[in-house]
Amino acid sequence: RKYHLPPGPTGNVAGEFTNAPMYEIFDKWRRKYGRIFSFKLGTRRVVVLNNIKATTDLLDKKGDIYSSRPRLVVAHDILSGGKRGLSSPYGDHWRRWRKLQHMGMNGKIALSYREQQTLESTLLLHELLTDSSEHQKVLQRFVTSIVLGIAYGRRIDSLNDEMVTYNYNAVLEYQRASTPGKYIVETWPSLLWLPRPLQWFRPALAALEKIREKDTEVYMNFLNGAKERYEAGIAKDSMATYSLSKGGNQGMTDVEVAYALSAPFSAGVDTTLSTIGWSLVAALSFPDTATRIQSELDSVVGKDRLPTFEDERSLPYLTAFIKEWQLRAPKTKRWRPVVPLAIPHATSKDDVYDGYDIPKGTTVYGSVDALVKDPELFEDPETFNPSRFLSPHKPAGNWNGKVEGEFTMPFGFGRRVCPGMHVALQSTFISIARILWAFDLSPPEGGSLPDYRKAQSLGKTRLPPPYQICVRPRHAEVERIIAAESAEAKIRLKEWEY
Ligand code: HEM
């Protein structure tokens, strides 16, 4: 059948993606083809949505059609035995997995993680004060300890902990296995129907099957560790304890649950780390911005205590800045949503939109990068203007739709929207509020400001450019308060240690 597809580049475009990040190529095509374009990548059809209307019409309102994922033969089917929900097709397995993610991280449950986030952020200040040249590791430990707390009710003291090193390695293997063009069966999955002895590509896949066996064993150990604590009645609430409560496993097998508990780490570490990192880069580069936030903090919080979550409502500038920082860079005309193209969806049925065919099995990107520049959503999108978030965000232009929850687009779309959104925003708020309350930030002596053009890509995440940071306590009380509070935090955090 001949389809009438959205316009777009034709021919073999795969080569384009070897020289520049995908979001830059998409941006070039967006300027040429507009709000919706399509192209072919090998045997796959790809459609890219570039404005709020198209993403809402399709990814949100037609969630029954647009909530699957493109098939990942090697990383998902073979390396993960089909068990990672992030890349699961729309269907029963994903639904059960997603219920558990929601149960463990929804807006209400997220409030229960504030205690650990608060305590860990106190240690974060202490560690920064001790050695700010290690800020990258310090932030990474903070973010990692929180996602492991959410998944298993267990904190970590060091990045050398096996729970960290193993999970990082698993994420890397998954990313390697998803590298386009690396495995022939990715392009031609039907080769897997050949009798085994004829599958000349098998040895490479057998190595991945070995890794899968090891992953399963290690993830089961992590689940069993949480189970022992749960049965002894000493577990902190976490996704693991919810899964162990009556009916909490949603009918999944233990191995499926064990894989589900690995999702917060895989999806939550680099993304949150990068969001906090970008905020620090912005504070370093635009000290006047930081100063304005600091005066708000001083008038709301004062000087004798650290900011807490209870202050959030009284800190409209800070919260607006955090939102705007996720999207735009001041003065540089650069944009930086941390997951610029979200994670691609796929259609599970044929559809028609605005006269264009979108066949079943099409990969569909909602481009966060393009939405940030969408004049129907943001008035004057090129200007860094936190004030746009000071009152509930009203979309600009003639766009009459509703932007749910005011600000979710950096977290993706529809039924697949990031389930970790609430905990991620909490980690970002408490760390930035406390860092800016406690310290003036500057590059170290002789060091230079970060170069915005050097954003780095890691998988689907856009990391800030490398930066160095020097922290200076803002007043005489800072060191005393951090010392006293971190001594207490260390004791209270023992409840998460095992
Ligand atoms: C600022 C930090 C974060 C950003 C910007 C972010 C962004 C995203 C995006 C864009 C998606 C894809 C949504 C889609 O398919 O349309 C996603 C999915 C996901 N995120 Fe996040 N995320 C963040 C933090 C977290 C955290 C902290 C967790 C867990 C603790 C998490 C867990 C997940 C999971 C499990 C999915 C897969 C959902 C599914 O396929 O159904 N994320 N995230």
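Predicted model: local features only at pLDDT ≥ 70, side-chain atom pairs only at ≥ 80, totals over all residues.
Trainee: Hi! Which protein atom is the donor of the iron atom of the ligand?
Mentor: The SG atom of Cys418, at 2.3 Å, and it is the only protein donor there.

Trainee: Where does Cys418 lie?
Mentor: Look in the loop between helix H16 (368-371) and helix H17 (421-438).

Trainee: OK, now the ligand. Which residues come nearest?
Mentor: There are 27 residues around the ligand, and those that come nearest are Arg69, Arg98, His345, Phe413 and Cys418.

Trainee: What lies 3.0 Å from an oxygen atom of the ligand?
Mentor: A polar side-chain atom of Trp94. Arg416 also has a side-chain N or O atom 2.9 Å from a ligand oxygen. With Ile343 the backbone takes part: one of its polar atoms is 3.5 Å from an oxygen of the ligand.

Trainee: Which elements give two or more residues to the shell?
Mentor: Helix H4 (92-105) and helix H13 (263-285). H13 gives the most, with 6 residues.

Trainee: How many of the shell residues are nonpolar, polar or charged?
Mentor: The shell has 16 nonpolar residues, 8 polar ones and 3 charged ones.

Trainee: Switching topic: how many disulfides does the structure hold?
Mentor: The count is 0.

Trainee: What about Cys470, then: how would you class it?
Mentor: Cys470 is partly exposed, because its relative accessible area is 27%.

Terms used. Residues numbered from 1 in each chain as written. Heavy atoms only, no water. Donors = N, O, S within 2.8 Å, 3.2 Å for Na, K, Ca; no water. Helix = DSSP H or I, 4+ residues; strand = E, 2+ residues; numbered from the N terminus. Near = heavy atom within 4 Å. Polar contact = N/O pair within 3.5 Å; in protein donor to acceptor, adjacent residues only side chain to side chain. Nonpolar A, V, L, I, M, F, W, Y, C, P; charged D, E, K, R; others polar. Disulfide = S-S within 2.5 Å. Buried < 20%, exposed > 50% of the residue type's maximum accessible area, 1.4 Å probe, protein only.
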